[in-house]
Amino acid sequence: MDFSGKTTVITGGATGIGFALAKELGKRGSKIILFEPRETQLQEAKQLLANDGIESKYFVGDVTKREDVEAVADFAWSENGRADAIINNAGIGGPMQKVIDFDMAEARKLFDVNYWGMWNGIQVFGKRFLTDGKPSAIYSVASENALFNVYPSGGGAYVSSKHAIFGLMDMLRKEVPDHIETGCIIPGWVATEMTRLKGMDADQYAKTIVPQMEAGEYYLVSHSYNAVRLDERYDEVKAAFAQYAPRYEGDDEYDVISAFAKARAAKQKT
């Protein structure tokens, strides 16, 4: 997407990756709307963006509340004519507890933000994008933890929420028409409040990601060593298949994708 003159709504946009993306997109001409519950941080972010000559507005609300997400969409359409893109960025880390001992109330709280909150953004803005038929974009921030698990222990709720977003976005991109671009943002270790300011500089990260957004890429990636960890996971999976479910002639007989393709082809012939 060419962001010049376009309005981008960023959830959790006052700090961290969201704010870094706001700055980089703003420098490229996007009009920014920041959305999250912390008004003091929103005010500070708006001022910092203004110092860089970037036009921005903010709206106070919570991604876990559907009515708040509808309200920020109403705000974007009334203030800027429409939103052209949404970046579902809001996320929390949650407690570091082992899976068997995890406080389920805390796990649900995390999923309310990291998963259901993002799905709220996808649905609310996606329905408007479908209705008006104009070029639009939906991005969601997953994590390297959507590809593999970086934690030796304690990150079960966070890791599984990011795997869930990875799967949700993969389905979304198959369902939307061509005028709606989709992108799954996959941060590695970035210096934010969540990481105690350790990792890649957030501004450097945004400079890596935004050109990929402009190019219309789906997988928006940054940390090259992630490919090593990804190979480790899939090599282990492939080794299991090689030993216990090796390939054979005609083994697509139980492949769902192949079966549906054959059924569609047969239907078209009739």
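**Terms and their grounds**

Reply: In this predicted model, helix 1 and helix 2 cross in a right-handed manner. The residues in contact are Phe19, Ala22 and Lys23 from helix 1, together with Ala45, Leu48 and Leu49 from helix 2. Sorted by class, this contact of helix 1 with helix 2 comprises five nonpolar, no polar and one charged residues.

Me: Why are helix 1 and helix 2 called roughly parallel to each other?

Reply: Helix 1 (residues 16-27) and helix 2 (residues 39-51) pack at an angle of about 25°, and their axes lie 10 Å apart. Angles under 35 degrees count as roughly parallel. Helix 1 and helix 2 are therefore described as roughly parallel.

Me: What makes Lys23 count as buried?

Reply: Lys23 is located in helix 1. Buried means under 20% relative accessible area. Lys23 has a relative accessibility of 15%, so Lys23 counts as buried. Leaving aside residues up to four places away in sequence, Lys23 touches Leu49, Asp52, Ile54 and Asp203. Between the C-alpha atoms of Lys23 and Leu48 the distance is 8.9 Å, although the two are 25 residues apart in sequence.

Me: Is Asp251 buried or exposed, and how is this known?

Reply: Asp251 lies in the loop between helix 7 (226-244) and helix 8 (256-269). Its relative accessible area is 19%, so Asp251 is buried, the cut-off being under 20%.

Me: What makes the pairing of the Asp251 and Arg247 side chains a polar contact?

Reply: The side chains of Asp251 and Arg247 make this contact at 2.3 Å. A polar contact requires a pair of N or O atoms within 3.5 Å, one able to donate a hydrogen and the other to accept it.

How values were computed: Residues are numbered from 1 along each chain as its sequence is written. This is a predicted model: local features need pLDDT of at least 70, side-chain atom pairs count only at pLDDT 80 or more; totals for chains, interfaces and linings use all residues. Side-chain values use heavy atoms; hydrogens and water are left out. Axes are lines fitted to C-alpha atoms, for helices over the stretch in contact, and angles run from 0 to 180 degrees between N-to-C directions. Helices (H or I, at least four residues) and strands (E, at least two) are DSSP runs, numbered from the N terminus. Angles under 35 degrees count as roughly parallel, over 145 as roughly antiparallel, 65 to 115 as roughly perpendicular and the rest as oblique. A crossing is left-handed if the near helix is turned anticlockwise from the far one by less than a right angle, and right-handed if clockwise. Contact means heavy atoms within 4.5 Å. Ala, Val, Leu, Ile, Met, Phe, Trp, Tyr, Cys and Pro count as nonpolar, Asp, Glu, Lys and Arg as charged, and the others, Gly among them, as polar. Buried means under 20% relative accessible area, exposed over 50%, partly exposed in between (1.4 Å probe, protein chains only).
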